[in-house]
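This report describes selected local features of one protein model. Please keep the sequence and the 3D view open while reading.

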Amino acid sequence: MGDPLWLMVRRSFADDRPRLAATLLAALGSIALIAGSLQFALRAQEAVAGSDASEYSRADVLVQGGTVDPDDPYAAPDGRVRLDRVASRPGVAAAAGDAAVAVTAARPDGRAIMAAAEGRTLLRPWVPDQRLNPYRLEAGRAPAADGEVAIVRHMSRTGQMRVGDTMTLTLPQRTRQVRIVGIVTVQGRDAVAVGDLVLAPPDSVRRAAMLPAGAWQSVWLKAAPGVPADRLRGELARDLSGRATVRTAESVRRAQADAAASEGASIAGVVGMLASVAIFVGLFVVANTFGTLVRQRTRRLALLGAIGATPWQIERLIRLEALVLGAIASVGGVAAGYPLSTLIVWLFARDGFDVSAAGAQFGWVAVGLPAAAGILVTQAAAWRAARRAGGVSPVQALRTTVTETPQRRRPRLSAAVAILAGAGFWYAVAVAVRVGEPPGQDRTFAVSLMVLFGSMLAVTALAVLTPFFVGPLGGLVGRLGMLVGGETGRLAHATITRSPRRVSSAASSLMLGVALVASVVLATLSVHDRFQEAGRQVMAADHAITATARTSEGAPAPLSRDVAGRAADTPRVSRVTALTQTEVKLVSPPGRPDSGEEPEPFHFLVSGAEQTGLRDVLRLGGRPPALRPGQIALSSTVMKERGLRRGQEIVVRGAQGRVTLMVADAYHDPSHLFAEQALVGPVTMDRLDANAATRVVLVRGGSAEALARAVAGVPGVQVLDGDAYADAASDSLTRPLRATYGFVGMALLLALFGMATTVSMSVAERTREFGMLGAVGTTVRQIRSIVRWEAAAVVVLGTVLGLLIAMGTLALLHLTTGSSFLRPEPPWWLFPVVAAGAAAATLVTSSLPARRAAAVPVLEAAKAE
């Protein structure tokens with residue numbers, strides 16, 4: 001405690017409480033955003049990958065009909081197995097049939113109950129044999145009759161459902177009402193790795209899966225006492241060779257856990273990208289406030305140099321202050337990160353990504369990492385301020401006001417060029433990814449990530465160069481002030497041009513906020529408008545029947561197939577086409593023949609539609625011919641990516657097993673809403689997946705009122721016209737962009753707080769100046785006007801630079817991704833709206849400092865530093 005530097009830090013904290021409190025709040029907000037983002041990323045990973053609960057926890061061996069996809073541990077087997085032929089085998093103590101049917105569960109009000117974190121909701125049979133039953137009843141009883149179900153606790157909590165409530169289940173073939181009679185957990189967890197489970201009596205599930213009596217997709221086995229699971233598996237595999245796949249339950253659980261961990265890492269990576277924005281904003285804000293804090297203490301630091309303090313000691317003093325502030329802010333920021341992460345969870349859950357199944361994380365990563373990041377951020381933010389403090393000349397202690405030293409152009413320009421070179425490196429990587437990778441979502445995500453990193457560095461470079469822009473742009477505002485306000489405008493012009501660093505500090509925070517908001521708005525508007533435009537171009541039908549419920553991805557939930565029959569019986573309807581969809585895996589050819597690389601599994605979506613009169617409801621590019629059974633039309637993108645050609649035979653693996661198809665033609669769906677990757681007829685779709693999901697029913701003719709009456713008996717169904725369906729479908733595909741609004745909004749608030757802090761501290765910095773202006777006759781209104789004209793310079797500078805960054809980012813995304821959905825064509829109203837918002841935010845943040853400036857007494861000004 002006898003260290004003089006420590007004593008000086010204590011004195012600084014005692015004397016500069018208001019200034020340090022503002023800096024502390026800025027740092028605390030930054031660390032809270034970092035901690036909340038990290039907490040959400042960990043919860044997302046836990047929700048997706050952390051559910052180690054498994055339905056197979058009590059089984060020893062699984063006998064799966066036919067074959068299974070080795071690349072997808074969640075895929076259903078493509079064959080059938082009879083329970084009686086397996087249960088009677090030697091070494092089997094207990095057996096239970098199993099099947100899984102994807103369903104949509106909805107509350108009585110029609111609102112869908114979202115599965116946990118990108119998972120699915122599956123209808124599974126209740127297992128009556130307690131030797132195999134993994135489900136623990138937390139409330140109610142087991143389902144016994146048709147129409148009774150038990151649900152996992154996550155569904156009960158998310159859907160606010162209790163025992164005795166009625167729930168709507170949309171099955172592939174029909175929609176029905178069921179009554180909840182029990183709520184269960186699995187191995188103490190609220191959900192399982194695949195998502196949520198609805199448990200019904202075995203016969204009800206078998207009929208829903210369209211299985212014959214006695215046959216199941218899989219059979220769970222419990223080995224007899226003394227019989228190892230591996231031995232039982234080996235014996236059954238020999239006896240059932242070619243008819244079934246036999247695996248140990250442990251190997252299936254391990255494969256599902258590995259797949260979930262990989263998916264969880266991917267989700268955490270996406271959220272981590274958003275968290276990197278939080279870290280960048282935090283670093284930016286704290287650096288600005290520390291820089292302002294050092295600048296307004298120039299005379300005190302100069303006095304320390306005059307009495308013998310070395311530049312190294314002064315730098316150490318600032319770093320020590322930053323360390324204390326960082327430690328305090330880290331503790332408060334980590335604590336504030338928990339309620340903030342709850343808010344982020346709620347925001348994402350509204351768009352279908354529900355991670356509430358995972359609780360708050362308290363490990364060293366969740367607590368220690370943001371705390372350490374907080375200290376590192378404050379230290380990094382204070383580095384430049386400390387260097388500047390060490391360079392304060394002792395002669396500045398003799399000055400009566402705090403004035404800025406002349407700008408040294410070369411070091412600042414060199415730093416900006418170096419940072420821009422780093423931005424250019426990331427942009428070059430984005431171009432390399434564009435050239436070297438095949439088109440698809442993975443390429444678009446990788447390119448966007450590289451552009452994001454480059455744009456962050458570009459923002460930093462512009463922040464370094466901002467003082468150079470204060471002269472021309474700030475001078476323009478000052479001259480306008482001179483024309484409007486006369487002498488007051490002249491004083492405002494002088495204050496703006498005399499202190500470019502002060503103005504640039506506030507303007508750079510506003511620039512960051514404008515860039516964040518404008519970039520997200522521009523991208524969202526571009527994608528949404530393109531989806532609407534292309535959707536209206538492709539859809540020739542007059543009406544679309546779709547579900548009001550949504551999947552976990554935000555898309556309309558599947559319909560039951562009986563909806564198409566109801567629509568077909570409606571008067572004056574000339575054409576009804578049900579669009580079904582399933583995912584298949586390309587088995588042969590496995591990859592491009594000229595790639596020379598080990599091929600990765602390629603899964604793609606196949607849409608099924610009645611071929612007769614298809615052009616009455618859809619206008620697909622390339623005009624594919626009417627497809628016969630066994631034929632498939634592929635999108636031009638898939639054809640190019642996989643090196644396929646017309647007339648070629650391919651082998652795909654669907655839910656029913658391997659199917660050989662002939663590529664009939666190529667086509668293009670510019671909307672990506674109806675048949676994005678492949679198209680087949682109904683007979684071929686039944687060979688691929690008899691229970692394929694019905695995404696939408698397209699109707700030509702009839703009236704919306706008559707169709708609504710026809711489907712009135714089906715819960716959760718709506719009738720939309722073409723424009724409304726294109727809007728609804730595009731909304732679902734822009735969900736990932738909308739999910740970022742929460743992050744961007746919080747980062748914007750932090751950036752605005754940083755701007756308000758900088759403006760407020762700059763007013764406190766000029767206490768003596770404002771007091772002297774009052775002493776020579778300047779009125780309160782004039783002093784407020786000076787501060788507001790300076791705020792106007794901040795608005796102009798921050799808005800112009802922020803919009804330039806946003807437009808440049810979107811233009812780079814358009815060029816590097818090659819996507820027509822990311823077009824730098826902003827609507828005319830965006831610029832005035834953003835400018836008005838920036839002006840309003842600046843006016844609000846500067847109003848209180850303006851009042852404070854006008855109220856500075858002359859005697860207080862005489863004592864000011």
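The text below covers strands, backbone geometry, salt bridges and a surface patch.

The model is predicted, so to speak of local features a pLDDT of at least 70 is needed, side-chain atom pairs count only at pLDDT 80 or more, and totals for chains, interfaces and linings use all residues. Residues are numbered from 1 along each chain as its sequence is written, and side-chain values use heavy atoms, with hydrogens and water left out.

## An open sheet of four strands

Four strands make up an open sheet in the order E3-E13-E1-E14, with antiparallel pairing. Strand E3 (92-98) and strand E14 (244-248) are the edge strands; each has a single partner strand, so one side of each lacks a neighbour in the sheet. From one strand to the next, the twist averages 20 degrees. Helices (H or I, at least four residues) and strands (E, at least two) are DSSP runs, numbered from the N terminus. Two strands count as paired if DSSP finds at least two bridges between them.

Within this sheet, strand E1 (residues 61-65) and strand E13 (residues 218-223) run antiparallel and are joined by four bridges. Val63 has Val219 in E13 as its bridge partner. Helix H6 (residues 229-239) lies across E1, E3, E13 and E14, and runs at about 170 degrees to E14. Contact here means heavy atoms within 4.5 Å. Axes are lines fitted to C-alpha atoms, for helices over the stretch in contact, and angles run from 0 to 180 degrees between N-to-C directions.

## Strand E16 and its partners

E16 and strand E22 (residues 693-701) are antiparallel and joined by eight bridges, with Val576 opposite Val699 in E22. E16 also pairs with E17 in the antiparallel sense, over six bridges, and Thr580 stands opposite Gly608 in E17. Three bridges join E16 to strand E19 (residues 649-654), again antiparallel. Here Leu586 faces Val652 in E19, and Lys585 has Arg653 as its bridge partner.

Arg653 is also the bridge partner of Arg658 in E20. E19 and strand E20 (residues 657-667) run antiparallel with six bridges between them, and the two form a hairpin with two residues between them. Five of the six residues of E19 are buried, so E19 is largely enclosed by the rest of the structure. Buried means under 20% relative accessible area, exposed over 50%, and partly exposed in between (1.4 Å probe, protein chains only).

## Backbone geometry

Most residues other than glycine have a negative phi, and most peptide bonds are trans. The peptide bond from Ser588 to Pro589 is cis, with omega near -5 degrees.

Gln187 is not a glycine, yet its phi is positive, near 55 degrees. Gln187 sits in the loop between strand E10 (175-186) and strand E11 (195-200), and is partly exposed at 48% relative accessible area. Met210 likewise has a positive phi, of about 60 degrees, without being a glycine. Met210 is placed in the loop between helix H5 (202-208) and strand E12 (215-216), and is partly exposed at 47%.

## Salt bridges

Side chains of opposite charge can pair when their charged atoms come close. The structure holds 21 salt bridges, each a side-chain nitrogen of Lys or Arg within 4 Å of a carboxyl oxygen of Asp or Glu. Three of them are listed here.

| Glu138 | Arg136 | 3.6 Å |

Asp146 is partly exposed at 46%, as is Arg207 at 47%. Glu148 is buried at 11% relative accessibility, whereas Arg141 is partly exposed at 38%. Glu138 is partly exposed at 34%, and Arg136 is exposed at 57%. Elsewhere, Glu55, Asp98 and Arg124 are linked in a network of salt bridges.

## A nonpolar surface patch

Trp828, Trp829 and Val833 form a nonpolar surface patch with about 390 Å² of accessible area together. Trp828 lies in the loop between helix H23 (780-817) and helix H24 (830-854), and is exposed, with 72% relative accessible area. Patches are made of residues with over 30% relative accessible area and no salt bridge; like charges are joined within 9 Å, and nonpolar side chains (Val, Leu, Ile, Met, Phe, Trp, Tyr) within 5 Å. Accessible areas come from the Shrake-Rupley method with a 1.4 Å probe, and for residues only the protein chains shown count as cover.
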